[in-house]
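Work through these exercises with the structure open. Try each task before reading its solution.

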Amino acid sequence: MTEKNGLLTVENLKVKIGDKEILKGVDLKIGPGEVHAIMGPNGTGKSTLAYALAGKSSYEVTSGSVTMEGENVLEMSPDERARKGLFLAFQYPSEVPGVTVDNFLRVAYNTIKKEELSIWEFRNLLKEKMEFLKIDESFSGRYLNEGFSGGEKKRNEILQMAVLQPKLAVLDETDSGLDIDALQIVAKGVNELLPEDSSVLVITHYQRILRYIKPDFVHVMIEGRIVETGGGELAEKLEEKGYDWLKEKYGESGKDSD
Amino acid sequence: MSLPTTDIGTEEYKYGFSDDVKPEIIFDKGLSRKTVEDISNIKSEPGWMTDLRLKAYEIFLEKPMPEWGADLSEIDFDDIIYFVRASDKKMTDWDDVPAEIKETFEKLGIPESERKFLAGAEAQYDSESVYGALQGEWEKQGVIFVDTDTALREHEKLVKKYFGSVVPAADNKLAALNTAVWSGGSFLYIPKGVKVGLPLQAYFRINTQNMGQFERTMIIADEGSNVQYIEGCTAPTYTTNSLHSAVVEIICKKDSRVRYTTLQNWSGNVYNLVTKRAQAYENATMEWIDANLGSKVTMKYPSVYLMERGAKADVISIAFANTGQHQDVGSKVVHLAPYTTSKIISKSISKGKGRSTYRGLVKIHEGMEGCKSNVNCDALLLDEASATDTYPYIEIEDPTAAIEHEATVSKLSDEQIFYLQQRGIPEDEARNMIINGFIEPFTKLLPLEYAVEMNRLIELQMEGSVG
């Protein structure tokens, strides 16, 4: 079932964490170069979708399929998915003491790109991206996320994305906790540092980030399902009207019958 | 208790046949007064050393085994060979060296010529070509760097003055044993004001004698001098003997600085019970850098006695306890003068059924004002079966002391592993990366080639392929 034009195809994806079903049948198609946004109230399964796509082990897929360029993603380990071109910018990235940003990222780069860039070659590449994202030079020698401020962590995630050049970048609440200046820099990074045909999936509660990263498609997730899909105008409508009208239409009291 | 007789008559000798080679001697197992005398006689030692040995032997008999630490109940002192001299002949048949040890040499990239030596299958490692030039340079500056037996012959006064002055025989049962039967070890004297640029490396990289199981190492750093000493290597040290009990004594005189780095990786049958102690005088700095891998049981607490104002102790150690191993390690610092400073960092990793213990003592005596001490113990557990415990004794008798103590126990977190995997790094590599990060405060103090070996070794431990 190769889709010539599809990069990522998610069909009827159901995911459990422990005993609780969080995703109750998600369908999503992302083509190359497209920007998609998933919006929705808190606790509705947006981040679960991000983690499930990346292959977190405690997220149990009970049915459905996920394919990337026609290949079954669900059979791949998290690192295989990453090497296939799937990148997740974490909402809460882990701290890894003793491992510097540049060393870590060089190993990641060489693994994903199947290259052997020397320390010096890689440093030049990294420096260029850091300048673009207005990140101080000393940053690359710091231990990964250790003692980083919230904003530094987010910027570090985007730096990694810029270096690793994924086919699909999933941004999990990257906008949360960023001031407007930082948000603009991060958005500029997403818009300008990825290859033309890379796709982006922005997961967010707020419409704010979508002013800077223009989505081609906006999806609304309510209680583990994508219930509405539209263009940029849907985001604006949500900004205006909030989520309540959708909750009423599709929430517990609405239809929920499989 | 019946001790086998130690007869050094012709029956027991295994002579070499060329006359520029010393005869090979291997004693029978077991320890008696005669064993001690024989050791001293073979080496033609001065009478005071023979007496010292015999006195120590008496102390050894009297002292109880330490029972406050790891389980030592299986050590059988009658089942140990106390003296081996294998000048130019191999001690172990290379064919008998276990395959996993050979494999580890291979994986660590240890040169062919060093492998046989490390396994005890070759008695001499030719280090002349590497060290010849350096040796000349040191001698010009008055640095003495020889094995301790040679020192006793050629620098008797110095040895007599300092031997046992830092670690007396009566310190503990194993220090007494070492004093009674010691052989080999390094003797290092750095004259006033001399700063030795390169680290001095012992073990296979410099001479054979260091390989002993009861080695005695002494470092005397005279005023204002500076030296780094490295012993050991990351390759597993294979020995058929089950007890390694060394004593290291260091004297850091006024304004001197000594860094003593140890990397040890004993084969899994060895009890590694080592007494290491330094005295630091006015404004001197003593640094112990200590890595413990392998062995069955290791008990080792490098200590520093801060003797005079301004003296400083820095101790950083790591231990890796794999299945079947107990690493009972830590440090001891005694503040015997005002305005002295100590810093202890201890990192342990436990894997499988391995157990690591941090045991440390910081003592600040009454009236010693303005002392500072900082103790940091971090334990990393790699799985559910592994265990760690911490005994940080802190005895403060002076109210002006500034003490910080922090202890953490962490587990290798799934979150961290997933994060690194999400960047394309396979799970095993992700684990290694996190562990190498954990010990980075240690490895960054090592010369580059050792740091690389160290990280590689940890990776091998993780594969479970190290014997």
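**Exercise 1.** Is A:Gly242 buried, partly exposed or exposed, and what is its relative accessible area?

*Solution.* This is a predicted model: local features need pLDDT of at least 70, side-chain atom pairs count only at pLDDT 80 or more, and totals for chains, interfaces and linings use all residues. Residues are numbered from 1 along each chain as its sequence is written, chains are lettered from A and ligands numbered from 1 in the order in which they are written, and side-chain values use heavy atoms, with hydrogens and water left out.

Step 1: take the cut-offs. Buried means under 20% relative accessible area, exposed over 50%, partly exposed in between (1.4 Å probe, protein chains only).
Step 2: apply them. A:Gly242 has a relative accessible area of 25%, so A:Gly242 is partly exposed.
Step 3: A:Gly242 sits in the loop between helix 7 and helix 8 of chain A. Helices (H or I, at least four residues) and strands (E, at least two) are DSSP runs, numbered from the N terminus.
Step 4: check the backbone. Just after helix 7 of chain A, A:Gly242 takes a positive phi of about 75°.
Step 5: look across the chain. A:Pro41 is 201 residues from A:Gly242 in sequence, but their C-alpha atoms are 9.0 Å apart.

**Exercise 2.** Find which residues of helix 7 (residues 232–241) of chain A are buried.

*Solution.* Step 1: list them. A:Leu234, A:Ala235 and A:Leu238 are buried.
Step 1: explain the pattern. An α-helix has 3.6 residues a turn, so residues three or four places apart point the same way.
Step 2: The face of helix 7 of chain A away from the buried side carries exposed A:Glu233 and A:Glu240.
Step 3: find the partners. The buried residues of this helix pack against strand 3 (35–39), strand 11 (217–222), strand 12 (225–230) and helix 8 (244–250) of chain A. Contact means heavy atoms within 4.5 Å.

**Exercise 3.** Describe the contacts of A:Leu105 beyond its neighbours within four places in sequence.

*Solution.* Step 1: list the partners. They are A:Phe122, A:Leu126, A:Leu159, A:Gln160, A:Val163 and A:Leu164.

**Exercise 4.** What share of the 467 residues in chain B is buried?

*Solution.* Step 1: read the share. Buried residues make up 60%.
Step 1: count the elements. Chain B has 12 helices and 22 strands.
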